[in-house]
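Dear colleague,

Please read them with the coordinates open.

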Amino acid sequence: MSLPTHQSNGSWICQKESISRQYKFVRRIIKLKFNQMDFQYAAWQMVYLLTTPSRVYKNSQIRKHTKNQWARDDPAFLVLLSAFLGVSSILFAIILKLSVPGFFKFLLWVVFIDFIGVGLIIAGTCWYACSVLMRCENNPGSLEFGYSFDVHCNAFFPVLVVMHVVQPLCWHIFIDSDTRLGAFLGNFLWVIAIASYIYITFLGYAALPFIRGSEKILYLIGVVTFAFVMSIVLNANWGRHLINFYRKRIGE
């Protein structure tokens, strides 16, 4: 009867330590102690996410062995990601000729809805699934919610590059078109972005030794591929629909 109690106490201690680490992480962001952040390392992680994303999660495994936590303890990556989000949103606004008030409304929507809001939902869903449904019974490891949000941030960066940099630059060339070719090329950018998000998310959870069945995440790429084929058949241009949605939301 003592074993379950021991496991319960161990789980409670891990949760308490995780909350303490997340509090310190948020406090470092609020105080903006840039001199204590390793921006060069964070920048290299962004490069790896576009080239060899598996290297980012190898660093997570090293951090687990050295600092006993999976989640990042340095907010430099999140700060750089936020800065890139702001700069890329400016490019987006210029290409689409948004007004200054429209730009700020667009930026607030992207930050608090697309990035943080949707990110918390996805991270929370993955955290629950991995903690309850996909957990190996014979492995005592625990998953921090901060790590799930880290995985979302990692997966979001390539999406940001494709949708906020590549898509605006290609907007007037072929995306803003009624042709089936325009829909094909524009929607293919979406497939690249979403498939990258799914793949990097898969790598994040596959790196955890106490999670089983993480390869099922890759099944979602098949769903995206099917939706892409159907969009071409129906000549549905996802990019134009998204822009129209944003314009209605910000009143442009």
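**Salt bridges in the predicted model**

Asp 176 has a relative accessible area of 38% and is therefore partly exposed. Please keep in mind that this is a predicted model, and that a search of the whole structure gives three salt bridges.

Asp 176 takes part in one of them, pairing with Arg 240 at 3.3 Å between the closest N and O atoms. This pair links distant parts of the chain, since Arg 240 belongs to helix 9 (residues 238-250) while Asp 176 sits in the loop between helix 6 and helix 7 (180-206), 64 residues apart. Arg 240 is itself partly exposed, at 25% relative accessibility.

The side chain of Arg 240 also meets that of Asp 178 in a salt bridge, with 2.3 Å from N to O. Because Asp 178 lies in the loop between helix 6 and helix 7 and Arg 240 in helix 9, this pair ties together parts that are 62 residues apart in sequence. Asp 178 counts as exposed, at 63% relative accessibility, and through shared partners the salt bridges join Asp 176, Asp 178 and Arg 240 into one network.

Another salt bridge brings together the side chains of Asp 150 and Arg 72, at 3.5 Å from N to O. Here, too, distant parts of the chain are linked, with Asp 150 in helix 6 (residues 145-175) and Arg 72 in the loop between helix 3 (54-67) and helix 4 (76-95), 78 residues apart. Asp 150 has 9% relative accessibility and counts as buried, and Arg 72, at 10%, counts as buried as well.

How values were computed
Residues are numbered from 1 along each chain as its sequence is written. This is a predicted model: local features need pLDDT of at least 70, side-chain atom pairs count only at pLDDT 80 or more; totals for chains, interfaces and linings use all residues. Side-chain values use heavy atoms; hydrogens and water are left out. A salt bridge is a side-chain nitrogen of Lys or Arg within 4 Å of a carboxyl oxygen of Asp or Glu. Helices (H or I, at least four residues) and strands (E, at least two) are DSSP runs, numbered from the N terminus. Buried means under 20% relative accessible area, exposed over 50%, partly exposed in between (1.4 Å probe, protein chains only).
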